[in-house]
Amino acid sequence: ERSLRLNEVFRTFAGGFLTARDHFVIDFDRAELLSRIEVFADPSVSDARIRETYFSGCGSDKYPDGDTRGWKIPDARKRLRKDSDWRSRVYRCLYRPFDIRWIYWTEGMVDWPRPEVSGHLLNDGNLAIVFMRQVASGDDYSHFLVSRLPVDNRACYSNKGIMTFAPLHLHESSERRHGELSFDSVGTRANFTGAFVVALRTKLGSAASELTPEEILHYSYAVFNSPSYRTRYAEFLKSDFPRLPLTGNLELFRALARLGGELTALHLLESPRLAQPLTEFIGGPKKGGPEVEKISWSDNTVWVDKAQTIGFSGVREDVWNFHIGGYQVCEKWLKDRGPKKGQPGRTLTKDDI
């Protein structure tokens, strides 16, 4: 309890974005998403046709299909037509663990864009840590991720709470500075509170000023992914923001930061180690990828078809069962690409495989 909570470590943090219409403004494929938005803006297509095609069953007793109290299809279409640069509003986002998708990003299409945090991640190079304030009773705390992209509010849980994320760097504005560390990049400043800076200097002395913001985040990520940390503080993690214990040993700090840096690169899918996969794709068609039909696991192989002839071999049981937050990661990623509501599953691309 002497350690600072993450809401005391970072100055700026918030929940993930909420679109209220994921099926329409988020897609696996950028071209498909833009095609849908183009139809939405087309004045020759009636509002009734838009409702029937894209929002059937999405209404309530109070509103027509697609409409909500604060969002009406006719108004949204008019706003979109006035935007001469509408094609440039497509960005990537972190939708679920390791699941990067495209989002049509405008305030007129996304109900809660969380600009106070998401805006700092719409430019390349920044980094954010993802966490939760508390978790559902009975669940182990494994709700940590890193992202360079805006993060969906259900990135860690489907229906038991929303996640929080904090960018590492904030783009400069007219706000006054409050004693941040002096190692900021040009045009940005580190997103640390004055209280955290004091705590870090108290522990490490003048050596604290030698640390980069990335090293500090990597150290944090190593600590939060430590099995002993999660076990020792399990009860506390279920009821409040995670706390970050600091060491006064600079050598240990940097050793943990190196480990956290390796894990960060893996979780961002940027590590060169990923160029040598541990698994092998087997039984697929000679041209193109397989259609995802049914997901199963047996004999260290993840199958993506009903006949269990196409899949990925070399997937150990502990890997298959690995969870981040409320999601079994491998299964979740594949199931989201499987058949839904009478529609066939997606055909995996080379990049997907």
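**A tour that starts at a hairpin**

Select phenylalanine 98 to begin. In the hairpin of β4 and β5, which has two residues between the strands, phenylalanine 98 takes a positive phi near 65 degrees. Helices (H or I, at least four residues) and strands (E, at least two) are DSSP runs, numbered from the N terminus.

A word on what is on screen. This is a predicted model, where local features need pLDDT of at least 70, side-chain atom pairs count only at pLDDT 80 or more, and totals for chains, interfaces and linings use all residues. Residues are numbered from 1 along each chain as its sequence is written, and side-chain values use heavy atoms, with hydrogens and water left out.

Next, select residues 90-96, strand β4. Is β4 mostly covered or mostly open? Mostly covered: five of its seven residues are buried. Buried means under 20% relative accessible area, exposed over 50%, partly exposed in between (1.4 Å probe, protein chains only).

Now pick arginine 92. Which residue in β5 is its bridge partner? Tryptophan 102.

Zoom out to the whole chain. Colour by secondary structure and look for 13 helices and 17 strands. The radius of gyration, taken over C-alpha atoms, is 22 Å, close to the 20 Å that the globule rule gives for 353 residues, so the chain is as compact as a globular protein of that length. That rule is 2.2 Å times the number of residues to the power 0.38. Finally, colour by burial: 44% of the 353 residues count as buried.

Technical notes:
Two strands pair if DSSP finds at least two bridges between them.
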